[in-house]
Amino acid sequence: MRQEHELQPLRDLRRILVFLGSAGLLASCVMGWIAAKRVLRPLDRMTRTAQSIAAGNFDDRAAMESDDAELDRFARAFNTMLDRIQSFVHELRELNDSIAHDIRTVLARVHLAAGRLLSTRPLTEEQESLCVAVTENATELLGVLDTIMDLSEMNTGVAKLPRSAVDVGAMLNELVELFGMAAQEKRVDLALSCGPDLVVSGDFNRLRRAFANLIDNAVKYTGADGRIDVRAQNGPSAVIVTVSDTGIGISR
């Protein structure tokens with residue numbers, strides 16, 4: 001009994017040591033987890049920023065709120081790299097837009113020149129065939145150029161809509177003149193009817209492309225002695241543009 005009584009303090013001490021060791025281990029795990037979260041939080045924010053930029057949001061930047069000087073320096077270098085990439089992408093887009101505008105202008109002039117030649121001068125059958133081929137190829141190249149620009153914007157993640165005031169009436173008048181010669185060659189009557197003050201806020205190039213595709217398809221699929229009517233008018237809350245024709249239509 002005496003021996004058992006003497007061993008009791010040792011057992012109590014062991015229990016205390018086991019409890020303190022377990023508590024210390026748990027506290028160490030919690031503190032380690034908190035420290036890890038604190039260290040990894042800036043890296044997690046930078047990861048989310050990189051993912052956002054990969055999705056095309058080039059205005060995002062990594063936050064520099066860490067207590068670690070090395071992480072702050074890394075975030076600063078990361079943001080500097082993003083600034084340079086954004087500047088490069090912006091300059092590349094401006095260059096592409098400038099080149100596309102110049103090519104589109106030249107093709108439109110070629111298209112109009114060939115059409116006017118067809119309508120104002122007597123031509124041989126071979127010359128007339130060449131002029132028609134020039135107008136058709138110019139129209140096709142304009143479509144290819146627009147497709148290339150769309151793909152370029154999607155691949156660079158900058159497919160945004162720069163809005164500006166667009167005169168829909170003037171745009172449609174230009175397009176009807178552009179496709180008028182091709183319609184005349186097919187003996188198709190292409191008419192335009194526009195109301196006053198048809199100004200909208202939108203992307204000039206994309207609106208022009210959409211209307212050009214509608215009119216082009218109408219000319220292509222309307223038979224001889226047919227008619228195409230392009231109308232534009234102010235609606236209750238928007239400008240309404242319709243392109244109707246006597247062509248084969250689209251099956252549903």
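**Entry 1: Phe211**

I looked up Phe211 and found it buried, with a relative accessible area of 13%. The cut-off matters here: a residue counts as buried when its relative accessible area is under 20%, so Phe211 qualifies. I note that the model is a predicted one. Phe211 is found in helix α5. I then listed its contacts, leaving aside neighbours within four places in sequence: Val168, Met171, Leu172, Leu175 and Val241. I also checked Val176, which is 35 residues from Phe211 along the chain; their C-alpha atoms are separated by 9.8 Å.

**Entry 2: the whole chain**

Read from the N terminus, their order is α-α-α-β-α-β-β-α-β-β. The chain has 252 residues, and 26% of them count as buried. It exposes about 17200 Å², of which carbon and sulfur atoms supply 58%. I also looked at contacts between residues at least 6 apart in sequence: 71% of these join residues at least 24 apart.

**Entry 3: helix α5**

I checked the length of α5, which covers residues 204-220. At 1.5 Å a residue its 17 residues should span 24 Å, and the end C-alpha atoms are 24 Å apart, so the two values agree. Which residues of α5 are buried? I found Arg208, Arg209, Phe211, Ala212, Ile215, Asp216, Ala218 and Val219. A reminder to myself: an α-helix has 3.6 residues a turn, so residues three or four places apart point the same way.

**Entry 4: the sheet**

I traced an open sheet of three strands, in the order β2-β4-β5 and with mixed pairing. Its edge strands are β2 (189-194) and β5 (239-245), each of which pairs on one side only. On average, neighbouring strands of this sheet are turned by 10 degrees against each other, direction ignored.

I took the pairings one at a time. β2 and β4 pair in the parallel sense over six bridges. In this pairing I noted that Cys194 stands opposite Ala232 in β4. Strand β4 (residues 227-234) pairs with β5 in the antiparallel sense, over seven bridges. β4 and β5 form a hairpin, with four residues between them. Two positions I wrote down: Arg231 has Thr242 in β5 as its bridge partner, and Asp229 stands opposite Ser244 in β5.

**Entry 5: helices across the sheet**

I asked where α4 and α5 lie. Helix α4 (residues 168-185) lies across β2, β4 and β5 and runs at about 175 degrees to β2. α5 also lies across β2, β4 and β5, running at about 15 degrees to β5.

**Entry 6: the nonpolar core**

In soluble globular proteins, nonpolar side chains tend to be buried together. I looked for such a group here, and the largest nonpolar core has 22 residues. Those with the most contacts inside it are Leu175, Phe179, Leu190, Ile215, Ile228 and Val230. The elements giving two or more residues to this core are α4, α5 and β4. α4 gives the most, with eight residues.

Apart from neighbours within four places in sequence, its contacts include Leu172, Val176, Leu190, Ile215 and Val243. Also in contact with Val230 are Ala191, Leu192, Ser193 and Thr242.

Methods
Residues numbered from 1 in each chain as written. Predicted model: local features only at pLDDT ≥ 70, side-chain atom pairs only at ≥ 80, totals over all residues. Heavy atoms only, no water. Buried < 20%, exposed > 50% of the residue type's maximum accessible area, 1.4 Å probe, protein only. Contact = heavy atoms within 4.5 Å. Areas by Shrake-Rupley, 256 points an atom, 1.4 Å probe, with all protein chains shown as cover. Expected span 1.5 Å × (residues − 1). Pairing = 2+ DSSP bridges. Axes fitted to C-alpha atoms, helices over the stretch in contact; angles between N-to-C directions. Core = buried A, V, L, I, M, F, W, Y, C linked by side-chain atoms within 4.5 Å.
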